[in-house]
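Here is my note on the model. Please read the points with the coordinates open.

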Amino acid sequence: MKKRFASKDLKEYKEKLLNLKDDMLEQIKDISKDTLMKSQKEVSGNVTGHGIHMADVASDNYDRDFNIGLVSGEKKIVIAIDNALKRVQEKTYGVCEECKKPIAKIRLNVIPYAKYCKKCKEKLEKENRV
Ligand SMILES: [Zn+2]
């Protein structure tokens with residue numbers, strides 16, 4: 001695959017990716033902690049056995065499912081960031097994996113872990129391949 005960026009640019013993107021990954025890991029930790037606390041509250045509530053309305057439990061469960069959904073979304077991003085870091089290493093970063101054309105810089109600035117150019121991403125989404 002052809003090389004897109006000079007080493008200097010790659011270094012900048014690498015730093016950006018690493019920072020973003022740290023942020024994501026931090027967020028996952030926070031959400032997990034929050035979710036864990038909520039489930040512990042539920043458990044102790046069940047042990048004491050009073051004061052719980054079904055509606056509250058349902059909404060707590062809903063929150064937790066929602067948070068788990070969030071975490072898995074964040075985990076996907078972490079995986080995408082890891083893959084992008086691999087591409088930085090291989091110097092193929094910034095090249096669309098589908099059409100092998102350069103991904104617009106403006107897109108990489110918004111989504112540094114982008115794997116596809118905007119056009120391919122939209123095409124793949126339509127075909128349900130991503
Ligand atoms: Zn493309």
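1. Contacts first. Among contacts in the protein between residues at least 6 apart in sequence, 66% join residues at least 24 apart. Two residues are in contact if their C-beta atoms, placed from the backbone, lie within 7 Å.

2. Provenance. This is a predicted model: local features need pLDDT of at least 70, side-chain atom pairs count only at pLDDT 80 or more, and totals for chains, interfaces and linings use all residues. Residues are numbered from 1 along each chain as its sequence is written.

3. Secondary structure. The protein has 4 helices and 0 strands. Along the sequence the pattern reads α-α-α-α. Helices (H or I, at least four residues) and strands (E, at least two) are DSSP runs, numbered from the N terminus.

4. Burial. Of the 130 residues, 15% count as buried. Buried means 20 or more other C-beta atoms within 10 Å of the residue's own; exposed means 12 or fewer, and partly exposed lies in between, with C-beta atoms placed from the backbone.

5. Tyr93. This residue lies in the loop between helix 2 and helix 3 (105-110). Why does Tyr93 count as buried? Because it has 25 C-beta neighbours inside 10 Å. Tyr93 and Leu10 are 83 residues apart in sequence, yet 7.6 Å apart in space, C-alpha to C-alpha.
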